Amino acid sequence: MSGYTQLTQEERYQIYILKKAEYSQAQIAGLLGRDKSTISRELKRNRGLRGYRPKQAHALAVARRHAKAGRRIDEKLWQQVEALIRDEWSPEQIVGRLKDEQGVCISHEWIYQYVYADKRSGGDLYRYLRCQKPRRKRYGSYDRRGIIPNQVSIDERPAIADARQRLGDWEGDTVIGKGHRGALVTLVERKSLYTVIRGVRRKTAEAVRKAVRCGLTPYRDRVHTITYDNGREFADHEGMAHDLETRVYFAHPYASWERGLNENTNGLIRQYFPKHRDLSTVTEHEIKRAMDKLNHRPRKSLGFRTPHEVFFNTRTSLTVALQS
């Protein structure tokens with residue numbers, strides 16, 4: 001079938017959730033934009049003894065695909081791949097040159113799997129990879145935080161919010177304490193960089209909604225939009241929108257640059273609340289001190305004005321007192 005793509009792990013989790021919600025195969029196919037036969041085949045081929053489970057189904061599908069790949073790629077080619085790895089080529093470089101010079105199509109993922117299989121059997125190929133992380137991040141795979149109902153994509157956010165031409169467009173996120181003990185809900189206004197921080201003992205949707213409401217209510221006339229990532233703690237986004245009479249949007253999965261300001265601000269917040277800190281013990285005084293430091297610090301991107309000055313359209317003398 002022209003244009004057909006394999007089901008992703010995320011789609012398999014969606015199939016599982018919709019099946020549990022008693023959607024028909026035809027309804028599931030329609031929601032996923034897939035042919036009904038694709039869903040039917042998936043549920044038949046990739047089910048286990050305990051029925052259809054997405055993680056197991058994806059593992060079965062990947063194993064089947066790799067088995068087919070192994071039959072297509074002969075030992076001589078694998079020897080060539082191995083030689084290039086030892087010459088410190090990356091899997092992507094190997095794939096590109098093999099296709100360009102020999103017309104051979106091989107996935108870089110197969111090469112990674114080959115390398116890790118070699119490692120499990122005591123080989124040393126993995127030492128020639130530039131990235132020596134214990135596990136590789138699987139871009140495009142299922143986001144284990146789950147699917148948030150009724151999300152509105154950042155694609156629908158007003159252009160004026162993208163351009164930072166007005167006050168009132170916020171980005172939100174959470175900073176997690178050591179051992180997942182406690183969290184900070186962080187909100188930063190896109191034009192002024194003004195930052196609001198609230199602490200929560202547990203990162204539940206209810207607690208985060210309350211923190212957002214308490215943090216932004218004093219400025220509710222300047223809350224036009226809020227943009228979050230896809231964390232489950234923001235599942236009650238409709239409640240937040242109701243509390244603040246605003247609109248809530250979500251960035252694309254694995255696209256942290258779409259909320260780059262918030263990501264950068266979280267890095268600044270870590271100066272006051274480092275990763276080894278248990279955030280369930282953070283006091284209101286500590287949070288206020290961090291907010292004051294961030295909001296009254298001049299920023300180059302603001303022409304060396306402070307977020308407080310831009311947000312409240314005021315001017316404060318910051319250096320005169322240092323002369324005395």
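Predicted model: local features only at pLDDT ≥ 70, side-chain atom pairs only at ≥ 80, totals over all residues.
1. Start with Y194: at 7% relative accessibility it counts as buried, where buried means under 20% relative accessible area, exposed over 50% and partly exposed in between, with a 1.4 Å probe and protein chains only. Residues are numbered from 1 along each chain as its sequence is written, and side-chain values use heavy atoms, with hydrogens and water left out.

2. On to the rings. Rings of Phe, Tyr and Trp (its six-membered ring) pair if their centres lie within 6.5 Å; planes under 30 degrees apart count as stacked, over 60 as edge-to-face and the rest as tilted. By this rule there are 12 aromatic pairs. One of them is W78 with Y114, stacked at 4.3 Å centre to centre and 0° between the planes. W78 sits in helix α5 (residues 75-86) and Y114 in helix α7 (residues 108-120), so this pair links distant parts of the chain, 36 residues apart. Helices here are DSSP runs (H or I, at least four residues), as are strands (E, at least two), numbered from the N terminus. W78 is buried at 11% relative accessible area, while Y114 is partly exposed at 22%.

3. Back to Y194 and F311: their ring centres are 4.6 Å apart and the planes are at 10°, so they are stacked. Y194 lies in the loop between β2 and β3 and F311 in helix α13 (residues 307-312), so the pair ties together parts that are 117 residues apart in sequence. Ring pairs also link W170, Y194, Y219, F311 and F312 into a cluster.

4. Two charges sit over rings, the rule being NZ of Lys or CZ of Arg within 6 Å of the ring centre and within 35 degrees of the ring normal. R222 lies over the face of F311, at 4.9 Å from the ring centre. K119 does this with Y126, at 4.5 Å.

5. How do α5 and α7 cross? Their axes come within 12 Å and cross at roughly 80°, with axes being lines fitted to C-alpha atoms over the stretch in contact and angles running from 0 to 180 degrees between N-to-C directions. That makes α5 roughly perpendicular to α7 (65 to 115 degrees; under 35 is roughly parallel, over 145 roughly antiparallel, the rest oblique). W78, V81, E82 and I85 of α5 make the contact with W110, I111, Y114 and V115 of α7, contact meaning heavy atoms within 4.5 Å.

6. Now the nonpolar cores, meaning sets of buried Ala, Val, Leu, Ile, Met, Phe, Trp, Tyr and Cys residues joined through side-chain atoms within 4.5 Å. The largest has 23 residues, and W170, L187, V196, V212, L216, I226 and Y228 touch the most other members. Helix α9 gives the largest share, 4 residues. Apart from this core lies another, of 16 residues, including V81, W110, I111 and L129.

7. A last pair of residues to look at. N266 is in helix α11 (residues 260-269) and is buried at 9% relative accessibility; leaving out residues up to four places away in sequence, N266 touches D173, T174, V175 and T186. P298 is in the loop between α12 (284-295) and α13, partly exposed at 38%. The C-alpha atoms of P298 and E309 are separated by 9.2 Å.
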